[in-house]
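Thanks for making the time this morning.

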Amino acid sequence: MPYSMEEMVQILSIRAAAESIDVEDTALERMGVIGARTSLRYAVQLLTPSKVIAVTCGREIINAEDVDEIDELFSDAKTSAQRLATAQGFLS
């Protein structure tokens with residue numbers, strides 16, 4: 001793995017600050033775990049939709065539950081490719 005989880009959390013924190021997105025520490029940690037499971041790119045891509053969920057719920061700060069909800073709704077590229085490869089008749 002090119003980045004440790006701590007490095008991913010730091011990168012995610014910097015990216016959130018650059019995009020003016022407020023994120024709880026627990027949410028950043030959750031994104032770090034997701035990034036370790038998938039990729040840093042996917043974890044970074046969770047920021048904006050997580051913000052949309054938070055705002056929809058009347059909050060300005062992303063929490064871990066927002067991140068979990070978005071992670072359930074979307075798939076990273078590797079998971080999507082695996083699902084397509086195993087789908088019978090989908091690509092044939």
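I will start with a pair of helices, go on to the salt bridges, and end with one further helix.

Please keep in mind that this is a predicted model. Helix H2, residues 25-37, packs against helix H5, residues 64-73, at an angle of about 30 degrees, and their axes are 7 Å apart. Since angles under 35 degrees count as roughly parallel, the two helices, H2 and H5, are therefore roughly parallel to each other. On the H2 side the contact is made by Thr26, Ala27, Arg30, Met31, Ile34 and Arg37, and on the H5 side by Ala64, Val67, Asp68 and Asp71. By type, the residues of this contact divide into 5 nonpolar, 1 polar and 4 charged.

Two of those residues bring me to the salt bridges, of which the structure holds 5. Arg37 forms one with Asp71, where the closest N and O atoms are 3.0 Å apart. Because Arg37 lies in H2 and Asp71 in H5, the pair ties together parts that are 34 residues apart in sequence. Arg37 is partly exposed, at 49% relative accessibility, whereas Asp71 counts as buried, at 17%.

Another salt bridge joins Arg15 to Glu19, with the closest N and O atoms 2.6 Å apart; here Arg15 is partly exposed at 39%, and Glu19 is partly exposed at 30%. Glu60 also forms a salt bridge with Lys51, at 3.2 Å between the closest N and O atoms, and Lys51 counts as buried, at 16% relative accessibility.

Finally, what about helix H6, residues 77-86: how many of its 10 residues are buried? The number is 0, so H6 lies largely in the open. At the start of H6, a side-chain oxygen of Asp76 comes to within 3.3 Å of the backbone nitrogen of Lys78.

Terms used. Residues are numbered from 1 along each chain as its sequence is written. This is a predicted model: local features need pLDDT of at least 70, side-chain atom pairs count only at pLDDT 80 or more; totals for chains, interfaces and linings use all residues. Side-chain values use heavy atoms; hydrogens and water are left out. Axes are lines fitted to C-alpha atoms, for helices over the stretch in contact, and angles run from 0 to 180 degrees between N-to-C directions. Helices (H or I, at least four residues) and strands (E, at least two) are DSSP runs, numbered from the N terminus. Angles under 35 degrees count as roughly parallel, over 145 as roughly antiparallel, 65 to 115 as roughly perpendicular and the rest as oblique. Contact means heavy atoms within 4.5 Å. Ala, Val, Leu, Ile, Met, Phe, Trp, Tyr, Cys and Pro count as nonpolar, Asp, Glu, Lys and Arg as charged, and the others, Gly among them, as polar. Buried means under 20% relative accessible area, exposed over 50%, partly exposed in between (1.4 Å probe, protein chains only). A polar contact is a pair of N or O atoms within 3.5 Å; within protein, one must be able to donate a hydrogen and the other to accept it, and residues adjacent in sequence count only if both atoms are side-chain atoms. A salt bridge is a side-chain nitrogen of Lys or Arg within 4 Å of a carboxyl oxygen of Asp or Glu.
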